[in-house]
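Dear colleague,

I am passing a structure on to you, and below it you will find my notes on what came out of it. Please read them with the structure open beside you.

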Amino acid sequence: YDGETVFSLRPEAARDDESLTRLVERVIDGEPYRYGDWFDLPMPLYSVHDDRTGDTFRAAVRDGAIELHVLPDTGSEGLRVFYRRIEERSETDWDVTCRTD
């Protein structure tokens, strides 16, 4: 496919990448997710699958933000549920932006 859509979740209260990585891992360690970090990159990058919604997307932590990289078959419900879980497990508000290349 051409182009890419990325949702960037940036906490209002600044956090370092390590604490954001722990937050993402707390979310994806529970049901309904299956995930893997199969890449040897200088930043955390996970391929995440939601068994309930059937959605798959990539989650990355970079420069103080959590990025959700949309894949061709990713539905909005899977992203919405993931965001709600991030909100529930953190004590800050989030600024969400979207970019499409």
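Helices α1 and α2 pack with their axes 10 Å apart and at an angle of about 120 degrees, where axes are lines fitted to C-alpha atoms, for helices over the stretch in contact, and angles run from 0 to 180 degrees between N-to-C directions. That angle makes α1 oblique to α2, because angles under 35 degrees count as roughly parallel, over 145 as roughly antiparallel, 65 to 115 as roughly perpendicular and the rest as oblique. Helices (H or I, at least four residues) and strands (E, at least two) are DSSP runs, numbered from the N terminus.

Before going further, please keep in mind that this is a predicted model, in which local features need pLDDT of at least 70 and side-chain atom pairs count only at pLDDT 80 or more, while totals for chains, interfaces and linings use all residues. Residues are numbered from 1 along each chain as its sequence is written, and side-chain values use heavy atoms, with hydrogens and water left out.

Where the two helices meet, L23, V24, V27 and I28 of α1 are in contact (heavy atoms within 4.5 Å) with F82, R85 and I86 of α2.

Several residues of α1, including S19, L20 and T21, are buried, where buried means under 20% relative accessible area, exposed over 50% and partly exposed in between (1.4 Å probe, protein chains only). The largest nonpolar core has 21 residues, of which V24, I66, L68, F82, I86 and W94 touch the most other members; such a core is a set of buried Ala, Val, Leu, Ile, Met, Phe, Trp, Tyr and Cys residues joined through side-chain atoms within 4.5 Å. Not counting residues up to four places away in sequence, I86 touches L23, V24, V27, I66 and W94.

D55, in the loop between β3 and β4, is buried, with a relative accessible area of 6%, and its C-alpha lies 5.4 Å from that of G78, although the two are 23 residues apart in sequence. T100, in strand β6 (residues 94–100), is exposed, with a relative accessible area of 58%, and, leaving aside neighbours within four places in sequence, T100 is in contact with E4 and T5.

With best wishes
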